[in-house]
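The following note sets out some points on the model under review. Please read the points alongside the sequence and the coordinates.

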Amino acid sequence: MPDSIVHLWSRDSYTATLDHLNDQLTNSVYSIHSLVQGLLDHKPSKHAQLLYAFYSDDEASQPQYAAVRGFTATLQKETPKLHCRSVELRGDTAELAHILANELLSDDASLEVLYQDGTRY
C-alpha cells in the first residue's frame with residue numbers, strides 16, 4: 001500500500017443538471033469510496049494518508065465535493081491507519097504541486113484545510 005495518495009478529480013463547478021451532478025459525484029464521493037474499499041481490502045499494516053483535494057470559489061458553493069469531508073471524517077475515526085484530509089482550493093492555485101506536497105509532509109492533524117490564493121487556513 002502506498003504511503004500517500006492524492007485524489008484531485010473534483011474540478012468542475014456545481015451544476016444542478018442531473019447528468020453533470022452524476023459525473024461530479026462519480027469523480028468525488030463514489031471514487032473516494034471505491035479507492036478506500038480497495039485499500040482496506042489489502043488490510044494495511046502501516047499508516048497511510050489520503051488527501052482529497054477539490055476546487056471551489058467564493059461565489060458558488062460546491063456541496064457535491066464538500067460532502068466528502070463527512071465521509072473522510074468518519075473514515076478517520078473508523079480506520080486509524082488511514083489519515084484523511086480534505087483540501088479545499090480557492091483562487092490562485094499556481095503552486096498546486098507545492099501546496100499538495102506541503103500537506104503530505106505536514107504533521108498537522110487537521111481533517112479539513114482551505115487554501116485561498118495559496119494561503120493555508
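1. In this predicted model, helix α4 has Leu96, Ile99, Leu100 and Glu103 as its buried residues. Viewed down the axis of α4, these residues fall within an arc of 90 degrees, so they line one face of the helix. An α-helix has 3.6 residues a turn, so residues three or four places apart point the same way. On the other side of α4, Ala97 and Leu105 are exposed.

2. What covers the buried residues of α4? The cover includes the strands β1, β2, β3, β4 and β5. Helix α4, which spans residues 96-105, lies across these strands and runs at about 145 degrees to β2.

3. The sheet itself is open and has 5 strands, in the order β1-β2-β3-β4-β5, with mixed pairing. Strands β1 (4-10) and β5 (119-120) stand at its edges; each has a single partner strand, so one side of each is left without a neighbour in the sheet.

4. Within the sheet, strand β2 (residues 48-56) and strand β3 (residues 82-90) run parallel and are joined by 9 bridges. The bridge partner of Tyr52 in β3 is Ser86. Helix α3 (residues 68-78) also packs on the sheet, where it touches β2, β3 and β4 (112-116). The direction of α3 makes about 160 degrees with that of β3.

5. The packing of α1 with α3 deserves a separate point. Two packed helices are described by the angle between their axes and the distance between the axes. For α1 and α3, the angle is about 20 degrees and the axes are 10 Å apart. Because angles under 35 degrees count as roughly parallel, α1 is roughly parallel to α3. Their crossing is right-handed.

6. Which residues of α1 and α3 meet? From α1 there are Ser28, Val29, Ile32, His33, Val36 and Leu40, and from α3 there are Val68, Phe71 and Leu75.

7. Two residues towards the end of β4 may be inspected together. Gln116 lies in strand β4. Is Gln116 buried or exposed? Its relative accessibility is 18%, and because buried means under 20%, Gln116 counts as buried. Leaving aside residues up to four places away in sequence, Gln116 touches Asp58, Arg90, Gly91 and Tyr121.

8. Asp117 is located in the loop between β4 and β5. Most residues other than glycine have a negative phi. Asp117 is not a glycine, yet its phi is positive, at about 50 degrees. With 47% relative accessibility, Asp117 counts as partly exposed. The backbone at Asp117 may be checked in the displayed model for this positive phi.

Methods: Residues are numbered from 1 along each chain as its sequence is written. This is a predicted model: local features need pLDDT of at least 70, side-chain atom pairs count only at pLDDT 80 or more; totals for chains, interfaces and linings use all residues. Side-chain values use heavy atoms; hydrogens and water are left out. Two strands pair if DSSP finds at least two bridges between them. Helices (H or I, at least four residues) and strands (E, at least two) are DSSP runs, numbered from the N terminus. Contact means heavy atoms within 4.5 Å. Axes are lines fitted to C-alpha atoms, for helices over the stretch in contact, and angles run from 0 to 180 degrees between N-to-C directions. Buried means under 20% relative accessible area, exposed over 50%, partly exposed in between (1.4 Å probe, protein chains only). Angles under 35 degrees count as roughly parallel, over 145 as roughly antiparallel, 65 to 115 as roughly perpendicular and the rest as oblique. A crossing is left-handed if the near helix is turned anticlockwise from the far one by less than a right angle, and right-handed if clockwise. The arc is that of the directions from the helix axis to the C-beta atoms.
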